[in-house]
Structure formats: C-alpha cells, structure tokens
Amino acid sequence: MLTDPSRPWLLVALHSSTIQLWDYRMGTLIDRFEEHDGPVRGVDFHKTQPLFVSAGDDYKIKVWSLQSRRCLFTLNGHLDYVRTVFFHHELPWIISSSDDQTIRIWNWQNRSLICTMTGHNHYTMCAQFHPKDDLVVSASLDQTVRVWDISGLRKKHSAPSSTMAFEEQMARSNPAQADMFGNTDAVVKFVLEGHDRGVNWVAFHPTLPLIVSAGDDRLIKLWRMSETKAWEVDTCRGHFQNASACIFHPHQDLILSAGEDKTIRVWDLNKRTAVQSFKRDADRFWMIAAHPEINLFAAGHDTGVMVFKLERERPASALYQNQVFYITKDKHLRSYDFTKNTESPAMLSLKKLGSPWVPARTLSYNPAERAILVTSPTDNGTYELIHIPRDSTGAVEPTDVKRGHGNSAVFVARNRFAVFTQSTQQIDIKDLSNSTTKTIKAPHGTTDIHFGGTSCLLLLTPTSVVLLDIQQKKQLAELSVSGVKYVVWSNDGLYVALLSKHNVTIATKSLEHVSTLHETIRIKSACWDDSGVLLYSTLNHVKYSLLNGDNGIVCTLDQTLYLVRVKARKVYCLDRTAKPTVLAIDPTEYRFKLSLVKRNYEEMLQIIKTSSLVGQSIISYLQKKGYPEIALQFVQDPQTRFELALECGNIDVAIEMAKTLDRPKLWARLGTEALAHGNNQTVEMTYQRQRNFDKLSFLYLATGDQEKLSRMAKIAQHRGDFTSQFQNALYLDDVEARIQMFKEIDLLPLAYLTAKTHGFAEEAQSILEASGVSEDQITLPALGEPKPAPNVVVQTFKSNWPVKAPSHSSFEKALLGEFGGVDDEGVNSLEDQDGERENGGVEAGLGDEQEEEDVAGWDMGDDIQIEEETDLLGTENVESGPSSSEAELWSRNSPLAADHVAAGSFESAMQLLNRQVGAVNFEPLKPRFLEIYQASKTYLSATPALPPIINYVRRTVDETDTRRLLPIIPRSLETIASVDLQEGYAAMRSNKLQDGIVIFQRILHSILVNTVSSEAHVAEAKKIISTAREYILAMSMELERRALPTDTPENLKRSLELSAYFTIPKLEVAHRQLALMAAMKFAYTNQNFSSALSFANRMIANGGSAKLLDQAKKIKAQCERNPQDAIEIEFDQFAEFDICAASHTPIYGGSPSVSCPYTGTKYHEQHKGSVCTVCKVSAVGAPASGLRLFVPGQH
C-alpha cells in the first residue's frame, strides 16, 4: 500500500491477487489491475515517472504504466514469495525482498537483474533504499536487521567519467572487499541484533542516521548508525501482539507503528514514549504508509484501508476588520493585513499551550482589550487568556496568562468570555480576571459553542443549533440541522453559515432557515463576500452559494485551503501549514447571478458587455430561472440561439438562425411561433420555405391579399393539384373556375349542380346536353340562395397585425438603451419569474370541449368573457404595453397562481397549477377562482351612463413601487387553520363524514390557490394539506364500507378490510380512537377476535376517554380467550403500508406506486394519469415542480 507523491492516489495490494488504485480525496476506485496469480504483497509508485511496481506470491515482479493502465513487463528470478518492492529515488533500480532469503536489485530500464544480496538465513520481509545514500536496509525473520553498502553497485552501473578521481579509478580496476559469496557490488555494512523474534519491517529516517524496525516480539526498536558502527538506541514498548510495520514521520520527530493488536501507535522519537494510539474493534493492522509531502497516512487492515491525518490541520484563526490573527505550526501568533498584503512578525510564542504535538483548536480575538482566547484539546480541553503586547518584538513568551479547563471558549463582550465544558454540559461566563460571573446549563447533547451575536451564543448539538441569550439565560431559537462543526457569520451579521461535513446551511441571525446545499466532497471552510455571497472550500474546489441556494464552482484547488476573507477578486486563505495565501478568483459568475436575483439590470448589462461569461452552465441556469432573453446574449451556437429566441419570443433572431440552419422542422416551429405573435409576414415566409401551398392560400384569405390568392390559384393549376384549385376557387368566390374544374375531371353532376345553384342556366344546359340527359330525368334537392364569400374587414397583409404585443422585458429594454424606463414599467412577466414560458393553453382548461362531459354536473353558465369584462371596467388587454392596469401588474409581479387569478388571468393561473401540481381538472376550483377574483376589486358606481370606478384591493398596502404591487387573497392560512379545519374536525366528531369530505376538499382547494408570507407558513400549509389528505382518505373508506352490503362472504370480508384500513390514516388521537372503536366492534361482532384484539390494544395504548377504554378492555379480555379470526382478511397489523386512495387496498413497502403531486396521496401504478380522488384536481403521477405559495421578498 502506497500513496502517490503528486496526486491523491493510493495503491492497495490485496490478498485476492488484485491491485486497486483509489482516489482517496473522492473516495472512489479509479482502476483495478489483475494479472498476478496469487496474493500481491508489495507495491510502489515511481517518484517522477507514471509507473508503479508490484510483486506477490507468484514470484513475479511486474512494472505497470499508469497512463495505459497495463503491465509493461515482468521480472522473473525470485524462487519464493516476494514480500516488498521499492523504486530507487534517482537511479532506474527496483529493490525486492523475498522468502527465498535474498534481496535483489533490478534495472527496470533494461529489465535485468543487477545484484543478488544474500546473507539472511530466513525469509526477508522488507528491504528499502536509503533516501539519499548508497545504502540498503533489510529485515528478516532471522531476527536481524542488516544495512548494506551498495556504493560499488552504483560505481559499476554508472558511466565512467574523465574527471573521476584516481582512487575511484583504482577501486574500479581492483577487486573491492567481497562478501562470503564473492559479491563486491553490495556488502553487509552492519548487522543489527536485538529483536527476540522475526523482524517484519524496517525503515530509514528521511534525514537523520536512524533506523526503525518492528518485529514479532511486539517491539519497535530505534537504531542509530555512523560511518563505522550501528547500535540500538531504545525500544518502544506498548503493542501486545506482533508489530507489523513502522515508519518515521516525514516532517516531525515521531514514529508510527501498526500491529496485529488492532492498534496504530504514535511514539515520540526523542523520548521514545507513546504519544497517542488508535484502535479498531475487529481488524488487525498489517501496513502503514506516509505521504511524503502532506499530513496524510494510510493504514491497511483486515477489511480495508483507512486514510487519516495525524493532527488537526485547520489553523486556529480569528478575523477582525482587515486583519486575521492565526497560530502557525510552530505555535507562534501572527497576523495578516488584507489592505497592505503583509504578514506580521511573530507576536507571541504559544509553545507551552497544551501538548507539543497537539495544535491549538480555536482562537478568539478581543479588539477592545487586544487579547486572545486560545483553546487546546489537551487534558480534555484547556483554554488560555493572553494579552498581546502592544510593541511585540518577536515570539516572546506571554507573561500574564489566565488558564482554565474547558472544551470551547469564545469572547461574548469586551470584558466577558464564555467557557463550555462538555462533560458537565455547563457554560461559564467569565470576566477578564478569569472569575466566573454567571453559569448556564447547556441543552443536553451540546458539543460546542460559537459567538451568536451581541450577548448571544450559538450552541451546537448533534442534531440542531440553538441560539442562547446569555443575559436572560433562555433559548431564543433552534434550527434542526445535523452535524454542524463550524459557524461563519456574514460581514453585516445578518446571516450565518452552518458548516457540517457535507452540508452548508444558511440561516438568518435569528436562525430562520434560508437554504441548504449538499456536497459529496468534504467541506473545509467558508467566508462571506461583501455582497452577501457565501464562498466555501471543499477538498479540491472553491465554490459559492447565493442566499436562495443557487451555487457553482469558483475555481479548482491543488491543495486544501481554509478561506478567511474575500475582497473583490481576491480570496485570502490559510493553507495546511498556516501560511497566508492569496487566491485570485473570477467572481463574474456569482455576481451576475446575484444581480439577476436582485434584478439589478444595469449591473447585468455591464457584466455582459465587459466579461466573457459563457458556458452551458450559465445558459441552462438562465433558462431554468426563466430568463431566455438574457441567455440569448451569451450564446453563439445557432441551434441554441434559435431555441432561446423562440422561448423568449424574439422572432428576428429566430429568423436569422433559421436561415443559417435552414431545416424544415425549424421553419415549421418558427411559423407556429410567428403565427401566435401575429407576425403574418414571417408566417408567409416560413410557409413559402416549406412550400406549404394550402396554408399559404388560407393565410392570404385571412389577411385579404386577393392578388396573391389569385397567384396561388394559378400555381395550383400549374401543379395540376385539383384539390388546391378547388380551395383557391372557393376562397376567391370564383364559381366559373369551380364549374370548369369539375368538368375537367368528369364530375359533371357536381358541375351541373354548381352552375344551377349559382344561376348559370346556359352553362347548366350545356352540361346536360354533353352528358346526354334531359332535365326531366334528374332529381335535384331543394336549392338555397348562394352566399357570397365573406369580405375581410381590415386588410392586414401590408403589415403585421397586433395580436401579441412585442413587449420587451426590462432587461431587453436596458439592452436597447431604454434603461431609464425600467422603474415605470412592471418587471419581468410571470414566465420570466417562474421559468415557465410556453405557448398554448392548459390541456384541461375550463373551456376545453373534450371535458364538457366531465363537467356536466357543474352548471357552467355562460362563458366568462374576461377580456370583455375588463374592457367594461376600463382596464386594458394584458398585452397592451405600458398603459397596463394594476391587475395586469399583479400577474407580471408574481409567479403565484393566486395572484394571476386575482388579476383575471385564469389561463396563466391554470398553466401554473398544471406545472406545479399536475392540475388537470379545474371544475372544483371554479368557486375558489371566482372568490379570489371578486375579492380583489371594489366598484364605485358613477352616473348610469359611465362605467363604475374600480378600486384594486392590495395586500401590499404601503407599497409605492409598481413592481411590488400584489392583490389581496381571501381566506388566509390562519382562517383555514382556525375555522375550516375545526369545521372538518367537528364533522368527524359528529359522524357527518360526507360533509367532512366536502370541508376538507375545500381546504385543499383554498390552499392550492393561495399565498403565504414566510417559509414557516409554507411548512404549516403543507402540514394542513397532509391532515386534510388523511381525513378525506379515512372518511372515504368508511363511507364505502357503510354503503357495502354484507349479504355475501366476499362483501363481508371486504367490509372487515375497509374497517381495518379506516384505522391506518394519521388522524388526531381522539378521532383515531373513534375509528379504532368502530373497527374493533365490527371485527368483534363478526368473530374476528385477533383483529379486534389488536384494535383494542391500540386503543388502550392511545389513552383518552375512560368510557371508550372500558369497552376496549372488556373486548380485549374476551378476545384473549380465543385470539383467532373467523374470516381471513388482507390486513397485516405488524406491516407498514399505505392505502391506495382509488382502490382502498394496501400498498406495501417496496411495491411500485405513484402519488398525487399535490397532496402526496399514494396509488397503485395502474391509476397513473387518473384524477386524484382526494383533491379532485391533480393527475396521479403527473410530473410537477411542486406547489409554490411564497416568493422571498414578497409579503
């Protein structure tokens, strides 16, 4: 097992003959290599080349390419298992150790064996090159460690030089000292004896003349060597099973060892004492490796590999204005000035804080007293209060230090700080003399404390964050969020980011939830931009999040950084070694999104003009948010530009792109869109491009272009298309042409009838003569008067008619240089707000002919002519442009269906509901639509000859900005909860189940078309929807049971099942008791004693009315005598299941099901597409974005 020095990769050799390559940052398996025939025991990355080497029980050494991911060649020669393989740090050599008691050195460039080192008389378990010198160290089960001199091998296999010294040339020409086998290339320099059993592992120190070894005698031994001798320095005792492996820490005076006693132990190199240990419950450790550069280690055990850090890397730091104070790795206090970009010299030495190997945990700064509060996890948590010298002349030891025990400490005022002790769950408020002035009991499970604003603390528990008022000793707020580790306040103190391992939660200063985002990679740190954007770092990225949850990537990181401050295009960070780092970033993307959210069109325009903000992500973001006209500014691809132009109604750009692409399907789509806009000239061009002659003829008829219609008739004649000829003759009212055409195709009866009808007697007679029949021989039907062709009232072919006004959004006006008019104009329309710009009506609208039968029970009356009515009231058409009525502004200002209903825009409201909750049946919503529409206006009658004066009733009463005007919506959530819901409960109590269903469905319809003022109210609305769903389902099942006769065994079984299912919905306890009582009695009456017993037990567990409980206890006593069911029913009292609202049968866990997108009611799959029986509005299983009742910023 080994880590790559330059990439976050880990090689793992497995007993199963597989080698795995892991990305330990992502926790993902990159590749596997499977050419060995047995267990693989050794692997190593090359330091500079994309190579690795492996060896195993098949006696083979294989060299692999990391680029092609295949074996390049195999080195054969060992006669037994190969234990370890390592590359030389600079020469093209590989060293291997084997159970054949030899150590071999290979040249991997010419693929040859260059040296065999013999001398061990048992398995050689490990052999490694020295990191700098020409030495090799080996460990064997013969209980010895050997150090070998391979300088002769280097001289032999390196090219001779003309500048070689005379002594070296003589050494080459004369045999050097030989070992007992005559080998002069590698000779034993030292034999280290001291282990009582076999030695499993040995390693050189990276820089010092030290060796560490681990053996089956459970000891870790430290050896020192000089040029002439080597000796044992000391022994580290602590493992109580075989010690498997050991290494020196690459950068600190520490030794790490792993053993079969399931522990990893850390030892002080200087004192040879244990510093810390880690134990697994069931897995023995076999291998340990260190990353050469960073503080990462890997350990292999029986069931896997763990990658870990030996010490906390996050530097303790505190931010104050334009400075950050931080503690370096050598425990010095320093500061960094953001304005001057300078790092201060060491201001204090904190080496006496805690243990020498344990860094400081947190740092809190008090600017008024120029004091710091430092905590360390040593001795179950300690803190120190230190004043920073005014004229610090270096890393001086602090003089006046106040110490104490506590897990966390933070300043809460200029002369007070809070100390939290986890073992006692107690918070002590102390003054600067370290005296306790107040003690507060923390909520159970508190793990940490953070500053929470003036005189407040944020308390972290495993499942929540609590805001505590220190003065009043009371809890102000609580937010349910799991695993929060760090807290970061925004620069203005209005928002707080709560960081856990994989989640970022943004909340207000009073802990109201704003947004949450999830990351698969571990989150390390965060800081706030001055504009209110949160930047946070993961292991390998810096990312951003807006308050609404929109997020993206700012840049990629080569190494982990801890963000401290963002200023303009610079992010100030501390790296793993606590060194300040300035990261240059491009904030364009998140500033653009922020200006989009805030509707700052001027800044958006500036960004578009001055930056190269392109890419599919920003385009898809703009489309998702409903701003295709802005996305259009970023796109160059013709197909994408065409799609966006159609989406935002920009016909000119669409024409340009259609000409570039020139595809029939695109011309057809452009023609449809242009027709909807009333752009008849573009429609004509698209029909011409498609050679769609019939549609062209009809277009010329509709626009009154007689000249072109005549031309179309000639074209039809030239083409020989008789159908087209007849159509054009009809459009032109050319009777003679029709008669002539009938004669040409031998349809003489039709020719005669046409001539006779239109008074062409002579022509009719000639046709008779040609056909050889007389008038007496034919019978004619009764002929009416021929009607002339309708005349076009206004000839519109000379210009486009204004069916759909080309009103530009505020942003488009800004692009056109009309920015000054933005304030007077309503902001983007509904489609811009909700990202739902489509053409055409809702399939299941009020006026659809296909639903006439479905709504026959609802007396529709005359169609509601919204346009005519608003004209009567003095308002203008929705497409009328700048002089729009306030009602039109409502629909522009809001993406909520209720506001569109109030504005009279029923169609757009129905479209919204269709997309949000899959609404297809709007019949039940008619009373609610009319209720809202009527409540939003009042009329003051003037004289009989004049229309009444309209007053629009607003809910934003004090608002003067036209972009924020919104209508009153009757029947608020409070009214629904306090009045309607109680009526429903009363109907349940009084057994008026049919009335109850009507009431609860009315509740559902009232909430569906409504607005609320906060996210908390949204949650309350969802709770009421859930309650109404459960009651409607329960009441429906009970009504079905009552209507079912019990004269047959099948019906009786079904009645018993329905009675049992009646107890499943989540009703209020008192009402659930009524359901259980009814089910219990019905089951008992029909001798289903087991079912009755279960219902009785549930009633007794629920408690409540003494009378009901007495009956339950009596029935329970009776049923316990014979707890058997006379009739087997489909009801498992121990299983969890839902009830299908259509069939009233169980849906067990794991069974396929669909649900109503509005209420969440469950159904069997075969009911997909049907109308929900609970809400009577939504289609079961329809795709939906979710009900929208609240828009942040609206009231």
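How close do the axes of helix α7 and helix α9 come, and at what angle do they cross? Hold that for a moment.

Some ground rules. This is a predicted model, where local features need pLDDT of at least 70, side-chain atom pairs count only at pLDDT 80 or more, and totals for chains, interfaces and linings use all residues. Residues are numbered from 1 along each chain as its sequence is written, and side-chain values use heavy atoms, without hydrogens and water. Helices (H or I, at least four residues) and strands (E, at least two) are DSSP runs, numbered from the N terminus.

Now the helices. α7 covers residues 638-648 and α9 covers residues 664-677. Their axes come within 11 Å and cross at roughly 20°. Axes here are lines fitted to C-alpha atoms, for helices over the stretch in contact, with angles from 0 to 180 degrees between N-to-C directions. α7 and α9 are therefore roughly parallel to each other (angles under 35 degrees count as such). Who makes the contact (heavy atoms within 4.5 Å)? From α7, Q639, F642, E643 and L646; from α9, L666, R669, L670 and E673.

Next, the sheet. Four strands form an open sheet, ordered β33-β34-β35-β36, with antiparallel pairing. Pairing takes at least two bridges found by DSSP between two strands. β33 (362-366) and β36 (401-405) stand at the edges with a single partner strand each, so one side of each has no neighbour in the sheet. The twist averages 15° from one strand to the next.

Inside, β34 (residues 371-376) pairs with β35 (residues 382-387) over six bridges, in the antiparallel sense. There, S376 has T382 of β35 as its bridge partner.

Conventions
Parallel < 35°, antiparallel > 145°, perpendicular 65-115°, else oblique. Contact = heavy atoms within 4.5 Å.
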